[in-house]
Amino acid sequence: LVSRKKKAEDTIIELNGEKIGNSKPQFIFGPCAVESYEQVAAVAEQIQAKGLKLMRGGAYKPRTSPYDFQGLGLEGLQILKRVADEYGLAVISEIVNPAHIEEAVDYIDVIQIGARNMQNFELLKAAGSANKPVLLKRGLAATIDEFINAAEYIMAQGNGQIILCERGIRTYERATRNTLDISAVPILKQETHLPVFVDVTHSTGRRDLLLPTAKAALAIGADGVMAEVHPDPAVALSDSAQQMDFQQFDAFYDAIQGFLNVH
Ligand code: PEP
Ligand code: MN
């Protein structure tokens, strides 16, 4: 169902007045994790000031260590909803448990399925039964074929509103947190009719690489870019090394706009 052979036209997802897919590039910014109302609202204000309509923030955090911050859970989703309403944004947040999908859709606009859950087939089916767009991350070591099949699981349940998100894969290279597979973007665009995003934060794990990889993503045909922004990354409860502060966010966004204007 997700194949171009089945449907030649690009799938367009409408979200908060914006179109995702075969349209102008879209951006999903926001903190790694929802930490407090004040923290999310501060980021939302920066996003709104740029005229952007989408925001991310994790309430259920799938952390490598069980002793790291696990997220605020339902309270985090409630914070996202409050901030989204106050600032006129659509929010995207990761859900990790199939049983949470039904309650989560009251609070969020896009269900994110994280890299660690790309082949959690019960979660894929639950998201496929929901009447909300799904942003599906590529698995930590998933092939493109496995990634496409994961999207197929969602669409097979009747939900065709899927955004694919390349977020780097595990290789022997340690200079970056993961290896951004930039060529996955045009391959996914050729093989499927779904919008494709690139997450520059989790792929690189390096603040200094956010801008060059975002430019590469847009140049190669991605429909949008995801990146993390935090009021004070040094004290962030997760991904402290790669979130942008507001000054860096301004510089990043200006540079991207400049890049888009000349290309
Ligand atoms: C995230 O986007 O919050 C996240 C945990 O990313 P990934 O699943 O790609 O690691
Ligand atoms: Mn993160």
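The shell around ligand 1 divides into two nonpolar, three polar and five charged residues, where Ala, Val, Leu, Ile, Met, Phe, Trp, Tyr, Cys and Pro count as nonpolar, Asp, Glu, Lys and Arg as charged, and the others, Gly among them, as polar. The shell consists of Cys32, Gly58, Glu94, Gly114, Ala115, Arg116, Lys137, Arg167, Asp199 and His202; a residue is near a molecule if its C-beta atom, placed from the backbone, lies within 6 Å of it. The model is predicted: local features need pLDDT of at least 70 and side-chain atom pairs count only at pLDDT 80 or more, whereas totals for chains, interfaces and linings use all residues. Residues are numbered from 1 along each chain as its sequence is written, while chains are lettered from A and ligands numbered from 1 in the order in which they are written.

The protein contains nine helices and 10 strands, taken as DSSP runs numbered from the N terminus (helices, H or I, at least four residues; strands, E, at least two). Along the principal axes, the C-alpha atoms fill a box of roughly 45 × 45 × 40 Å. Of the 263 residues, 48% count as buried (20 or more other C-beta atoms within 10 Å of the residue's own; exposed, 12 or fewer; partly exposed, in between; C-beta atoms placed from the backbone). Among contacts (C-beta atoms, placed from the backbone, within 7 Å) between residues at least 6 apart in sequence, 66% join residues at least 24 apart.

The axes of helix H1 (residues 37-49) and helix H2 (residues 74-87) come within 10 Å and cross at roughly 35°; axes are lines fitted to C-alpha atoms over the stretch in contact, with angles from 0 to 180 degrees between N-to-C directions. H1 contributes Tyr37, Val40, Ala41, Ala44, Glu45 and Gln48 to the contact, and H2 contributes Ile79, Leu80, Arg82, Val83 and Tyr87. By class, eight of these residues are nonpolar, one is polar and two are charged.

Most residues other than glycine have a negative phi. Asn22, in the loop between strand E2 (18-20) and strand E3 (26-30), has a positive phi near 45°. Asn22 counts as partly exposed because it has 13 C-beta neighbours inside 10 Å. Asp239 also has a positive phi, of about 45°, and is found in the loop between strand E10 (224-228) and helix H9 (246-262). With 19 other C-beta atoms within 10 Å, Asp239 is partly exposed.

How values were computed. Two residues are in contact if their C-beta atoms, placed from the backbone, lie within 7 Å.
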